[in-house]
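Colleague: Please take me through this entry feature by feature, with the general idea before each case.

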Amino acid sequence: MPIRCLLWDFGNTLCRETFIWSSGPEWEAVYRAFDGGWAHGWNVGAMDSEEFARRASEHIALPPEQILAHMHERSRHIEFFEFTWAFFQRRHRPQAVVTVNPDLWSEVIVPLHGFDETADALVTSWEERTVDKGVLCSIALERLSLDCEPSEALLIDDKPANLDAWAERSGAGYLYVSDEAFERDVSKGIDHLARV
């Protein structure tokens, strides 16, 4: 079945996920602590970025204000995957970004990098209060207003579990492995990206 729209993951699909934390071992320690689950609330909108910075200050010897400033500054210097980012910006199909991210993504990263201009819909976990990619993709498909089936909406994501969640709703998926692999695979056409 032809793919009528693209649903893009953000971290480790359009860019390197650890861009905020990859500026030294002390920041990597914050990321490890964050990834351990204590900041789940940040991703589902139960805490805002200011509260996250206060919590992060328990793991790194910096005041919350400096942590928040660091996150804002690093958001300016995202390492996008060259081919994939260029492909995304060319808007080959109607497209949405479907991401597990906090308010910082919507309030800082979106305007800095023009996501509101390159995507037809932006669906984030913090706004929808869930990290379930199946639910988030369903919301994105509704907002795109294309009157198409989930099987015609391709989720491009680096996490198999996210693809499985969308597949449970009959959605199409492509496992993103690297910029080079995506360039090779998409050269055969977007319709050929969907996994069976």
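Modeller: The element names come from DSSP, in which helices are H or I runs of at least four residues and strands are E runs of at least two, both numbered from the N terminus. Please keep in mind that this is a predicted model. With that numbering, Asp147 is placed in the loop between helix 9 and strand 4.

Colleague: How many residues of helix 6 are buried?

Modeller: Helix 6 is mostly covered, with 8 of its 11 residues buried. Those buried include Asp103, Trp105, Ile109 and His113.

Colleague: Which residues touch the most other members of the largest nonpolar core?

Modeller: In soluble globular proteins, nonpolar side chains tend to be buried together. Here the largest nonpolar core has 28 residues, and Phe10, Phe115 and Phe182 touch the most other members. Two or more residues each are given to this core by strand 1 (5-8), helix 5 (82-89), helix 6 (103-113), strand 4 (153-157), strand 5 (172-175) and helix 11 (179-186). Helix 5 provides the largest share, 4 residues. A second, separate core has 16 residues, among them Cys5, Cys137, Leu141 and Leu163.

Colleague: Which residues does Phe182 touch, not counting residues up to four places away in sequence?

Modeller: With residues up to four places away in sequence not counted, Phe182 touches Trp8, Phe83, Thr84, Phe87, Ile156, Tyr174, Tyr176 and Leu193.

Colleague: At what angle do helix 5 and helix 11 pack?

Modeller: Two packed helices are described by the angle between their axes and the distance between the axes. For helix 5 and helix 11 the angle is about 50°, and the axes are 7 Å apart. The two helices are therefore oblique to each other. In this packing, Glu82, Phe83, Thr84 and Phe87 in helix 5 meet Asp179, Phe182, Glu183 and Val186 in helix 11. By class, the contact of helix 5 with helix 11 has 4 nonpolar, 1 polar and 3 charged residues.

Colleague: How far apart are the axes of helix 9 and helix 10?

Modeller: The axes of helix 9 (residues 133-144) and helix 10 (residues 160-167) are 7 Å apart, and the helices pack at an angle of about 60°. That angle is why helix 9 is described as oblique to helix 10. The crossing of helix 9 and helix 10 is right-handed. On the helix 9 side the contact is made by Lys133, Gly134, Cys137, Ser138 and Leu141, and on the helix 10 side by Asn162, Ala165 and Trp166. The residues of the contact of helix 9 with helix 10 divide into 4 nonpolar, 3 polar and 1 charged.

Colleague: Where does Ser125 lie, and is it buried or exposed?

Modeller: Ser125 lies in helix 8 (residues 125-128). Because its relative accessibility is 0%, Ser125 counts as buried. Apart from its neighbours within four places in sequence, Ser125 is in contact with Asn43, Val44, Thr99, Val100, Asn101, Thr130, Val131 and Leu136.

Technical notes
Residues numbered from 1 in each chain as written. Predicted model: local features only at pLDDT ≥ 70, side-chain atom pairs only at ≥ 80, totals over all residues. Heavy atoms only, no water. Axes fitted to C-alpha atoms, helices over the stretch in contact; angles between N-to-C directions. Parallel < 35°, antiparallel > 145°, perpendicular 65-115°, else oblique. Left-handed = near helix turned anticlockwise from the far one by under 90°. Contact = heavy atoms within 4.5 Å. Nonpolar A, V, L, I, M, F, W, Y, C, P; charged D, E, K, R; others polar. Core = buried A, V, L, I, M, F, W, Y, C linked by side-chain atoms within 4.5 Å. Buried < 20%, exposed > 50% of the residue type's maximum accessible area, 1.4 Å probe, protein only.
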